[in-house]
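Hello,

Here is the structure I promised to hand over. Please open it first, then read my notes below.

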Amino acid sequence: MNTRTTRILAAALSLTAALAISACSGDSEPKMTVSGAFMPQPVNDKMAGAFMVISNPTETPDKLTGATSPLSDDLQIHETKDQKMQQVQSMDVPADGELRLERGGNHIMFMGLKSTPKVGDKVTVELRFEKAGSVKVELDVKDRTYNAQAPTSTAHSGH
């Protein structure tokens, strides 16, 4: 091999290695998916709840750290323990598992609504995660008595 061929091969191998490393590093970031997202039609413009299932199909655990929406300037993450609701700073989304936000349990609370959505409307929410970044979700506004039937999941981990 001459010097020119050696340099070309070295450059090609370096480029291949760099691409392989960058592709691998991207796989370690959680990529959250959301299903069953809904909001029961609020009774008034004071507050509303949001419910959904957040799935983390990766091997990296993450945390839901916040949410924003054009509907309210004050979205809070609430957990329910012993039938009492309290605001928390974050919620764990386990590796290869899910975080269920459901009626009577953990949820996102909208405080001080700018308007009162009606059945059939869609409400946009941006969920923020510690590692996965932001995920935009559209909540379907459902009847006040609507309660999603929780699908059974083989990926249900530790809840």
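Phe129 has Gly133 in β10 as its bridge partner. This is a predicted model. Strand β9 covers residues 122–129 and pairs with β10 in the antiparallel sense, over 8 bridges. The two strands, β9 and β10, form a hairpin, with 3 residues between them.

β10 (residues 133–142) has another partner. Strand β1 (residues 33–40) pairs with β10 in the parallel sense, over 3 bridges. Within that pairing, look at Met39: its bridge partner in β10 is Val141.

Next, the aromatic rings. The count comes to 2 aromatic pairs. Phe38 and Phe51 make a tilted pair, 5.4 Å centre to centre, with 35 degrees between the planes. Phe38 lies in strand β1 and Phe51 in strand β2 (residues 47–56), so this pair ties together parts 13 residues apart in sequence. Phe38 counts as buried, at 4% relative accessibility. Phe51 is buried too, at 8%.

Phe38 also pairs with Tyr146, edge-to-face: 4.8 Å centre to centre, 85 degrees between the planes. This pair links distant parts of the chain, as Tyr146 sits in the segment after β10, 108 residues from Phe38. Tyr146 counts as partly exposed, at 32% relative accessibility. Lys142 lies over the face of Tyr146, 5.0 Å from the ring centre.

One more site to check is Glu98, in strand β7 (residues 97–101). Glu98 counts as buried, at 6% relative accessibility. Its side chain joins that of Arg100 through a polar contact of 2.9 Å.

Best wishes

Key:
Residues are numbered from 1 along each chain as its sequence is written. This is a predicted model: local features need pLDDT of at least 70, side-chain atom pairs count only at pLDDT 80 or more; totals for chains, interfaces and linings use all residues. Side-chain values use heavy atoms; hydrogens and water are left out. Helices (H or I, at least four residues) and strands (E, at least two) are DSSP runs, numbered from the N terminus. Buried means under 20% relative accessible area, exposed over 50%, partly exposed in between (1.4 Å probe, protein chains only). A polar contact is a pair of N or O atoms within 3.5 Å; within protein, one must be able to donate a hydrogen and the other to accept it, and residues adjacent in sequence count only if both atoms are side-chain atoms. Two strands pair if DSSP finds at least two bridges between them. Rings of Phe, Tyr and Trp (its six-membered ring) pair if their centres lie within 6.5 Å; planes under 30 degrees apart count as stacked, over 60 as edge-to-face and the rest as tilted. A charge sits over a ring if NZ of Lys or CZ of Arg is within 6 Å of the ring centre and within 35 degrees of the ring normal.
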